[in-house]
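This report looks at aromatic rings and the charges placed over them. Sequence and structure come first.

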Amino acid sequence: MAHLMVDFIISLDGYASADGWPGFWGMEGPEYLAWLDSDSEKQHATLMGATTYRLMSGFAAQAPDDPGFAQLNNMPKTVFSSTLEAPLAWQNTELVTGDAVDAVRDLKKNTTQPLRTLGSLTLCRSLLTAGLVDRFRVVVFPVITGATGQERIFDEYPDVRLDLVESHTFDGRLQLLEYAPTVLDGPPTTNS
């Protein structure tokens, strides 16, 4: 059975991006970039929605020699969309037009290759709510983008308990936090 990880990079205040800021908020460092390029970070299939597909495939087409995009180009990718049409231009990409939760449930049962999301806030929320996410990982960048932040990651999420399974600091400033998530029906009760 495949393992599914939701994987985000975020600002300290929980945004996926910010208007006018460079990629990685301009704070990527050599340790973090080396970790991204490590073999363990390349051995998965990538899941994404249509918006992320349009953005990332556009970047990949503009920078075909960029090592990071070369890695993504070679990975198997599944895109969930009711608006895109097959065949998709980005190599190694399969389009799924049906229900993403059902498709990912089937992928988890019928494959062994690890699955990981890329961006795709709505898709990630749906998969977490359905109880399909085995790990929830964030890399927190030490910036607050209150005035320019876009795409608040955790809006409309259910209540979730997160049990820390791994943490790491990159370049003395970036925090990787990996959790095992448990979706809750509501706030936990306490026994007095």
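Is Phe170 buried or exposed? Phe170 is buried, because its relative accessible area is 4% (buried means under 20% relative accessible area, exposed over 50%, partly exposed in between, with a 1.4 Å probe and protein chains only).

## Basis

The model is predicted: local features need pLDDT of at least 70, side-chain atom pairs count only at pLDDT 80 or more, and totals for chains, interfaces and linings use all residues. Residues are numbered from 1 along each chain as its sequence is written, and side-chain values use heavy atoms, without hydrogens and water.

## Aromatic pairs

Rings of Phe, Tyr and Trp (its six-membered ring) pair if their centres lie within 6.5 Å; planes under 30 degrees apart are stacked, over 60 edge-to-face, the rest tilted. The count is 12 aromatic pairs. Tyr32 and Phe170 make an edge-to-face pair, 5.5 Å centre to centre with 65 degrees between the planes. Tyr32 is in helix H1 (residues 30–36) and Phe170 in strand E9 (residues 160–170), 138 residues apart. Helices (H or I, at least four residues) and strands (E, at least two) are DSSP runs, numbered from the N terminus. Tyr32 counts as buried at 2% relative accessibility.

Trp35 and Phe170 form a tilted pair: 5.0 Å centre to centre, 40 degrees between the planes. Trp35 lies in helix H1 and Phe170 in strand E9, so this pair ties together parts 135 residues apart in sequence. Trp35 counts as buried at 17%.

## Cluster and charges

Ring pairs join Phe24, Trp25, Tyr32, Trp35, Phe141 and Phe170 into a cluster.

Lys77 lies over the face of Trp90, 4.7 Å from the ring centre. The charged end of Arg152 sits over the ring of Tyr15, 5.5 Å from its centre. The cut-offs: NZ of Lys or CZ of Arg within 6 Å of the ring centre and within 35 degrees of the ring normal.
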